[in-house]
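Work through the exercises below with the structure in view. Try each task before you read its solution.

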Amino acid sequence: MAFICIAGAVLAPVLAPHNPFDLASLQLMDAFKPPVWSGEGDATYPLGTDDQGRDMLSAIMYGARVSLLVGFCAVIFSTTLGVVLGLLAGYLGGRTDAVLMRIADIQLTFPSILVALLVDGVVRAALPREVHDQIALFVVIFAIGISNWPQFARTVRGSTLVERNKEYVQAARVIGLSPLSIMRSHVLPNVMSPVLVIATLNLGFAILAEATLSFLGVGVPPTQPSLGTLIRIGNDFLFSGEWWITIFPGVALIVMVLSVNLLGDWLRDALNPKLR
């Protein structure tokens, strides 16, 4: 299921029946058309249309593309930062370990979504309003990524504390390898299994965080709507009878996050022989 969701999002320009963001192709007369199985439905729009006449199926596929892009980039950023800091803390120990882990502990006392909201607000306030839409995607990726690095750092630190005392690391020290070479070539490959599992599970959390930020109006711009933006737009029409505008993007978000979490559970079982 996860691969189907990812393929549908990545191949949206090829598979989607319409381009919902091509303003020249939009017809306002087709606005608020219900799903095809409804009495007033149109086979041209299987899941109906929104207030601008955009095909909901196409909008969901393009929106999922943006959500996955933000999720993947945020997870890559938080994984890279967390692994680097976790390796340094676990291998070097001492004051470096104490400082980095206390920073991680402080950040873990706050919900990640609040940290993401704070970072997003600070960055937007520090930059001119004229560039907000141009950099909104990068700001959201940075905000979500910086809010999740402590999980990776603590996991990698714990594994590094175990690995640094093993014989192969001691042998690398004896032959004169630098600490950086030892961490990169010897310790890192042996601490990556749990990181891959956490990264897969965090992809679902990152997608939900992006949807939350976009629903609150501080995520991606309306010109690049994600699933969260579509849900927010549809929420304005939920009680006026056009339920499909918000329900279908919400269902797509649930299915995507659930399938990604199931993929993470499968990876955990596959990479841990004790769970087979």
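**Exercise 1. Surface, size and make-up**

Two notes on the model come next. It is predicted: local features need pLDDT of at least 70, side-chain atom pairs count only at pLDDT 80 or more, and totals for chains, interfaces and linings use all residues. Residues are numbered from 1 along each chain as its sequence is written, and side-chain values use heavy atoms, with hydrogens and water left out.

Now the box. Along the principal axes, the C-alpha atoms fill roughly 75 × 50 × 30 Å. Of the 276 residues, 44% count as buried. Buried means under 20% relative accessible area, exposed means over 50%, and partly exposed lies in between (1.4 Å probe, protein chains only).

**Exercise 2. Helices and contacts**

Task: Find how many helices and how many strands the protein has.

Solution. Count 11 helices and 0 strands. Both are DSSP runs numbered from the N terminus: helices are H or I with at least four residues, strands are E with at least two.

Next, look at contacts (heavy atoms within 4.5 Å). Take those between residues at least 6 apart in sequence: 70% join residues at least 24 apart.

**Exercise 3. Annotated spans**

Task: List the spans that UniProt gives as "transmembrane region".

Solution. The unreviewed UniProt entry lists residues 66-92, 99-119, 131-149, 187-209 and 243-267. UniProt positions are in the numbering used here, feature names are shortened, and annotations may be inferred rather than shown by experiment.

Check two spans in the model. Residues 99-119 are 86% helix and 0% strand, with end C-alpha atoms 21 Å apart. Residues 131-149 are 95% helix and 0% strand, with end C-alpha atoms 27 Å apart.

**Exercise 4. Charges and salt bridges**

Task: Count the charged side chains, then trace salt bridges among them.

Solution. Start with the totals: 17 positive and 19 negative side chains. Lys and Arg count as positive, Asp and Glu as negative; His and the chain ends are not counted. The centres of the two sets lie 18 Å apart. Each charge is placed at NZ of Lys, CZ of Arg, CG of Asp or CD of Glu.

Side chains of opposite charge can pair when their charged atoms come close. A salt bridge is a side-chain nitrogen of Lys or Arg within 4 Å of a carboxyl oxygen of Asp or Glu. The count is 5.

- R157 and D97 meet at 2.6 Å, N to O. R157 lies in helix α6 (residues 132-163) and D97 in helix α4 (residues 94-108), so the pair ties together parts 60 residues apart in sequence. D97 is buried at 11%.
- D105 and R154 pair with their closest N and O atoms 2.6 Å apart. D105 is in helix α4 and R154 in helix α6, 49 residues apart. R102 joins D105 and R154 in a network of salt bridges.
- K166 and E163 meet at 3.3 Å, N to O. K166 is partly exposed at 36%, whereas E163 is buried at 10%.
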